[in-house]
Amino acid sequence: MVKIKNLIMKYGNSTVIKNINLNINKNSTCAIIGPSGCGKSTLLYGIAGILKPFSGEILINNFPVKENRKKTGLILQNYGLLPWKTVWNNVSLGLTIRGYHKKDIQYNVDKVLRELDVYDLKDRYPIELSGGQRQRIAIARALTISPDLLLMDEPFSSLDAISRENLQNLILKIHKENNITLILVTHNIEEAVFLGQTIVIMGQKFGEIKNIINNPYFGDEELRYKSDYYKICMEVRQLMRKDEIK
Amino acid sequence: MIFKKITKYKTIYGSLIILIFWYALHFIFKSTIIPSPHITIYEFFILIKGKLLIHILVSLFRILIAVIISLIIGMSVGLFLGLNKKYDKYISPMIYLLYPIPKIAFLPILMIIFGLGNTSKIILITIIILFQILVTTRDSVKGLSKELFYSIKSLGANKIQIYRHLIIPAVFPKLLTSLRISIGTSIAVLFFAENFATRYGIGYFIMDSWARVDYIQMFAGILAISFLGLLIFKLIDLLEDKLCKWIKLEKLEQK
């Protein structure tokens, strides 16, 4: 679904992504992991169409990425909720912007809020919510536009461990039920292994891909309680360390 | 308990304290230069039915026109500079040079260029408030996080929608704050400007009463300015309450 060919991206004069090639299949998930400053977020924003490539190509369903692809959802670390809008108005924003009919917006937003178990919060403002609740709202907002591609930039890294695992389970469920292709950027190894069907390890410098690992255990909700999970975590950890020593 | 009541009726409480001081000064000096509050207030209510109201309305009109013009110019230039760093780099030094100049010193020049009437007075207030609004708008746009822009762009917003859902609501409460500050200044400046070449306006009224050694009327005029300020501040508070509920919540959160 997503094809990246000879991609170079620059931030000002410095090269952040140096020659990346990557294929991500439809209805699969991909976790991109690497140390901070390795360019993984830049890569994600490139796929989202927010930042433009310097050279090379990013194709989604064989079309070059443009800004505002209608079916790409983006979820950010700091939630990106507008503080002056209530939960309901935040979640409906995507549909409002797309010019949906009022009744359709009402129906869709209520439905998504109920599915994510946050309907009771609909009249609150973001400042009145906990971090986990805010991220649920951000997920709800991304889901209202019925995306076929969901991009997440370190979505759970500022949350406590329990909220984080709950939301990881939620994302896994959403992926399975809606056939959404998922690309997740993270610096958390456990998260990458739990949510990544393919795990892409990026190097410390120059935004290059060091390794791509297939994760055969992906999709198991009970994975965290199994020893295979820790084996893969260990494998990823070692690959990341090797890079550091070099 | 007492404190709660005080914050609830804070305007009445403030007036009471001022009245007590006023009475104290009145009794200490025992002179006509400080008339007693109740006589002044009585005079105020008699005058407000007639000429004082006209003077106040003329002043209010001058302030409102100036505020509207400075909002339009200040906001558009502020938004433009906040969103376009390239131009900001070249234009900001000029703004910083012009901002601290006491614009009131230009009143004679303005009167020569724009005439003695309303125009020169309105322009004077405009160039004073304008800078405050411009700098506030520019800085609050600059302070918006990249994430908010990313997230609203990812929802497919076009330029107008970004203004409508992100930039304007973000700037609005800060604009109200800068209005609060600049309106105090503009009333004081207007008072000065209305001493020249006009027979209307609260500034004229006060200075005219002074010249006629009518201290009761003079104080009634001062009272009127105070009420005019209060009215405008309350209007701004009301706007904030109605349109920026989230600001209140944010303030609560910080406590």
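**Entry 1: a pair of strands in chain A.** I began with Ile60(A) and looked for its bridge partner in strand 5 of chain A, which turned out to be Phe63(A). I keep in mind that this is a predicted model. Strand 4 (residues 55-60) and strand 5 of chain A are joined by two bridges, and they run antiparallel.

**Entry 2: the whole sheet.** Next I asked myself in which order the strands of the open sheet lie. I read the order 2-1-4-5 for its four strands in chain A, with antiparallel pairing. At the edges I found strand 2 (14-24) and strand 5 (63-64) of chain A, each of which pairs on one side only. I also noted a reminder for myself: strands of a sheet pair through backbone hydrogen bonds, either parallel or antiparallel.

**Entry 3: a helix on the sheet.** I then looked at helix 1 (residues 40-48) of chain A, which packs on the sheet. This helix touches strand 1 (2-11), strand 2 and strand 4 of chain A. Its direction makes about 120° with that of strand 1 of chain A.

**Entry 4: over to chain B.** Here I counted 12 helices and zero strands. The C-alpha atoms of chain B fill a box of roughly 70 × 60 × 30 Å along the principal axes. Of its 255 residues, 30% count as buried. I also looked up contacts in chain B with a separation of 6 or more, and 74% of them come from residues 24 or more positions apart.

**Entry 5: two crossing helices.** How do helix 4 (residues 51-83) and helix 11 (residues 215-243) of chain B cross? Their axes come within 11 Å and cross at roughly 40°, so helix 4 of chain B is oblique to helix 11 of chain B. I noted that the crossing is right-handed. Helix 4 of chain B brings Leu52(B), Ile56(B), Ser59(B) and Leu60(B) to the contact, and helix 11 of chain B brings Ala220(B), Gly221(B), Ala224(B) and Leu228(B). I sorted these residues into six nonpolar, two polar and no charged.

**Entry 6: where the chains meet.** Finally, I found 18 residues of chain B in contact with 21 residues of chain A. Helix 8 (146-154), helix 9 (159-193) and helix 12 (245-254) of chain B each give two or more residues to this side of chain B. Helix 8 of chain B gives the most, with six residues. By class, I listed nine nonpolar, five polar and four charged residues on the side of chain B that touches chain A.

How values were computed:
Residues numbered from 1 in each chain as written. Chains lettered and ligands numbered in written order. Predicted model: local features only at pLDDT ≥ 70, side-chain atom pairs only at ≥ 80, totals over all residues. Contact = placed C-beta atoms within 7 Å. Nonpolar A, V, L, I, M, F, W, Y, C, P; charged D, E, K, R; others polar. Buried ≥ 20, exposed ≤ 12 C-beta atoms within 10 Å, placed from the backbone. Pairing = 2+ DSSP bridges. Axes fitted to C-alpha atoms, helices over the stretch in contact; angles between N-to-C directions. Parallel < 35°, antiparallel > 145°, perpendicular 65-115°, else oblique. Left-handed = near helix turned anticlockwise from the far one by under 90°.
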